[in-house]
Amino acid sequence: MRKLTKEQEAIELGKVWMKKSKDPTHDYGHAQRVTQNALKVFEELKENQPERFKEIDPGLVKLLGWWHDCYKARFEKASFRDLFIEGRESELIFRDEMKNYLKPERLEKVAYAISNHQKVFLYVFRFGKIPPLLRIIFEADGLDAMRRDRHKMIIGQNPNIFRKLFSFGMHQFMTIFYKLFLPFTEYGRNTFKRNKAIKPLNVPLD
Ligand SMILES: [Fe+2]
Ligand SMILES: [Fe+2]
């Protein structure tokens, strides 16, 4: 069997980490779908804007997709506070787990994108252009966040009616936000309609 490089091992460790996830909405399946979306987003953006995405490659995209929610995988259900800290907490885990696997400059690129992935929409207002890896994870995560069965699962997780209503409102808002935003992006324009027809992936748990 061909020996894996350190970076390939790092990607495999991300899969192992997510397989152990306690949170059914941030599990192996979520990370896998986000990674697949992210690779498609990357290919398309690179084709349209090669200059802007020239420092990104599929290895970085895979690391980001598999590790972006590693903190959330530790808990059965995300708290309200996690909405604000999950990116930073995932970054800390990623840095710690990956320090012996990745070259420093590659580790930094992915760590930055993980740290900021949940507040990326702020970049639209602050800087106009979103840094390349953040741009990729934002669209990839957004497409998975719109899945109806994922909404149902999140609402079902909440024990009381007020939390259920809050979750329902949050997810309606997110869906509207993504539906308004994604069609204006290169990837969104082309895949938004296609995505509606995508059935949840059957995730092999080998
Ligand atoms: Fe996240
Ligand atoms: Fe995510």
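Guide: Helices (H or I, at least four residues) and strands (E, at least two) are taken here as DSSP runs, numbered from the N terminus. This is a predicted model, in which local features need pLDDT of at least 70, side-chain atom pairs count only at pLDDT 80 or more, and totals for chains, interfaces and linings use all residues. Residues are numbered from 1 along each chain as its sequence is written, while chains are lettered from A and ligands numbered from 1 in the order in which they are written.

Visitor: How many helices and how many strands does the chain have?

Guide: From the N terminus on, the elements run α-α-α-α-α-α-α-α-α-α. The count is therefore, by the DSSP runs defined above, ten helices and zero strands.

Visitor: Why is helix α3 described as largely enclosed by the rest of the structure?

Guide: A residue is buried if 20 or more other C-beta atoms lie within 10 Å of its own, exposed if 12 or fewer, and partly exposed in between, with C-beta atoms placed from the backbone. Over the chain of 206 residues, buried residues make up 33%. Helix α3 covers residues 58–67, and it is largely enclosed because the buried ones among its ten residues number eight. They are Leu60, Val61, Lys62, Leu63, Leu64, Gly65, Trp66 and Trp67.

Visitor: Which helices do the buried residues of α3 pack against?

Guide: Contact is judged between C-beta atoms, placed from the backbone, that lie within 7 Å of each other. By that criterion, the partners of the buried α3 residues are α1 (6–19), α2 (28–48), α4 (82–98), α5 (104–116) and α7 (132–145).

Visitor: What is the relative orientation of α2 and α3?

Guide: Axes are lines fitted to C-alpha atoms, for helices over the stretch in contact, and angles run from 0 to 180 degrees between N-to-C directions. The axes of α2 and α3 lie 8 Å apart, at an angle of about 150°. Angles under 35 degrees count as roughly parallel, over 145 as roughly antiparallel, 65 to 115 as roughly perpendicular and the rest as oblique. The pair α2 and α3 is therefore roughly antiparallel.

Visitor: Which residues make the contact between α3 and α7?

Guide: The axes of these two helices, α3 and α7, come within 11 Å and cross at roughly 50°, and the pair is therefore oblique. The contact is made on the α3 side by Leu60, Val61, Leu64 and Gly65, and on the α7 side by Leu133, Ile136, Ile137 and Ala140.

Visitor: Which residues have the most contacts inside the largest nonpolar core?

Guide: A nonpolar core is a set of buried Ala, Val, Leu, Ile, Met, Phe, Trp, Tyr and Cys residues joined through C-beta atoms within 7 Å. The largest such core has 35 residues, and α1, α2, α3, α4, α5 and α7 each supply at least two of its residues. Ile136 touches Ala38, Val41, Phe42, Leu45 and Val61, not counting residues up to four places away in sequence. The residues with the most contacts inside the core are Ala38, Leu64, Val110, Leu133, Ile136 and Ile137.

Visitor: Which residues does Ile11 touch, not counting residues up to four places away in sequence?

Guide: Ile11 is placed in helix α1, and it counts as partly exposed because it has 19 C-beta neighbours inside 10 Å. Ile11 and Trp67 are 56 residues apart in sequence, with their C-alpha atoms 8.2 Å apart in space. The residues touched by Ile11 are Lys62, Leu63 and Trp66.

Conventions. Contact = placed C-beta atoms within 7 Å.
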